[in-house]
Amino acid sequence: MKRSGKVLGAAAVAASMLLVSACGGSSSSSGGKGGAGNPNAVLTVSNESGGLWNCSFNPFNSGVSFLSMGNVYEPLMFVNALQDDKTTPWLATDYAWSNGNKTLSFTVRQGVKWNDGTAMTPADVLFTFNELKKFPALDLNSVWSVLSSVTQSTTDANQIVFNFKTAATPYFYYIADQVPIIPQHIWSSIKDPVGYTDSNPVGTGMYVVKPCTPQNITFKPNTSYYQPGLPKVKTVDYPAFTSNDAANNYLATGQAQWGAQFIPNIQKYYLDKSSNYHSWEPPITQVSMFPNMTDPLLSNVKVRQALAYATDRQSASSIGEGGQEPPGSQLGVVTQTYPQWVNPTAQAADSYTYDPQKADQILQGLGAVKGSDGIYSLNGKKLSFTIINNGGYSDWVASLQTVAQGMKAAGIELNVDNLSQNDFTTKLFNGQFQLAYYSETGGPAPYYELRQWLYSSNSAPIGQPAATNFERFKDPAVDALFNQYAATADQTTQKAIVGQLETVMLNQVPIIPVTEAAAWYQYDTKNFTGFVTQQNDYAVPSVWQYPDWGQVLMHLQPK
């Protein structure tokens, strides 16, 4: 799940500060204990989540997976989206493609233990992927839509072999980087792994949860960890913040050392206050409006096109995001980070700048009639939509206020429903909305975000949780494009397919990108070294980016 920044009013700030004070003093005291030269310095994370922690660490729950994936649970390999898909061994020491890219073999690392002292074996890897097959709701990236089998090698017991129906090199990222390996001796007795809370996670990672309260999660070193000397940071505190004013204050006052959120006027509020304060925020995905395809009005592509023309992306960027996130593109590609994937023909056809007159023309062409309040009705249904949003993310709140104002000029009413995090994610995943404002996690190329948006296997019927594709978009021709992309390792062909997907984005408007989502990142080098920098971008640096934040924790150490 993506995270963004947020600002609330003074009353909310006061409430949030009281909340943090109730964290047992762990966070506020961390600044005092974090002096230079202190090997026990506490690293405090400041990342507004919009609610209290429910102490669930199920790594297959999209709502909480960022809390345990990378630090407690580990994948087979790490793929760095910022370094042209550079691969680093993790629970696997090596991998190899064979059989025309239809077979992928991993050599599982030996000498690894779960944090309860039990040995981790290739059987755990095999169990993990078979569990995804047995319970499709755990298969967040639909890897079993392309797999035919997962087996243990008959010639090397340390190897797990993945056989695909067709050549499938892009699935390396999902299988190697995005699937947490879980212990068979724990999970095999869990009857409902989808609803499993997993309050005391048993992983192979550097950290264990010790303890978790609704106000704060403390991570302590896993004494069974297989990499000698790691982790070097002995305590990581992750307080719960319900607004980003309080979280930003923690960063600005040095009480937190690692942030991942929007800070308005960041130069004056944060960077100018200390030479140890830094920020680097590369855009990696997009913040978008998801139209529910089962809604009678929004199922009409012309209505979606009118909405896209009525969306003032520039104002959302400059006002809502303070200019820290560029306007999004209807092409569906983060143009600043992935310019090489933009198809010139599709780009030339992209006319989706803010144009209320164009939206007006489309709606009149449909026979829509404008009422005395200036809002159109179509077939007796008023073009008045409600969009759900995480109310804790005040930059998103401000962006949607701007978008709503712009839509009114086009005769469209947009009502913003700012919800608590839990309420928002429940409605988002189950498709209980007209429009939703959200940002996906993406991957090392535009294909991954587009696939999260548009691949039908990622979706689910209304009322059942979808892994992604929350808008319930279905188009067999689009599914075929994703399958064709996966079947080739030739990047020229892959770019041509992404170009066709860009045309789908223009013609069908299944998603309406608003801004390019920054990987928010602030860090304080007073007491710790090893942070990601623009010159040493060894991982996506946002604390909510999994499993990347596990890689960052491997690099951090007290001064």
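**Aromatic rings and the disulfide**

Author: In this predicted model, the charged end of Lys 273 is placed over the ring of Tyr 269, at 4.6 Å from the ring centre.

The structure holds 38 aromatic pairs. One of them joins Trp 53 and Tyr 238: the ring centres are 5.3 Å apart and the planes stand at 90°, so the pair is edge-to-face. Because Trp 53 lies in the loop between S1 and S2 and Tyr 238 in strand S10 (residues 235–239), this pair ties together parts that are 185 residues apart in sequence. Trp 53 is buried, with a relative accessible area of 6%, and Tyr 238 is buried at 0% relative accessibility. Another edge-to-face pair is formed by Tyr 393 and Trp 396, with 4.9 Å from centre to centre and 80° between the planes. Both Tyr 393 and Trp 396 are buried.

The structure also holds one disulfide. Cys 55 and Cys 212 form this link, with their sulfur atoms 2.0 Å apart. It connects distant parts of the chain, 157 residues apart: Cys 55 lies in the loop between strand S1 (42–46) and strand S2 (77–80), and Cys 212 in strand S8 (residues 207–212). The link of Cys 55 and Cys 212 is left-handed, with -90° about the S-S bond. Cys 55 and Cys 212 are both buried.

Definitions and conventions:
Residues numbered from 1 in each chain as written. Predicted model: local features only at pLDDT ≥ 70, side-chain atom pairs only at ≥ 80, totals over all residues. Heavy atoms only, no water. Disulfide = S-S within 2.5 Å. Helix = DSSP H or I, 4+ residues; strand = E, 2+ residues; numbered from the N terminus. Buried < 20%, exposed > 50% of the residue type's maximum accessible area, 1.4 Å probe, protein only. Phe/Tyr/Trp six-rings, centres within 6.5 Å; stacked < 30°, edge-to-face > 60°. Lys NZ or Arg CZ within 6 Å of the ring centre and 35° of its normal.
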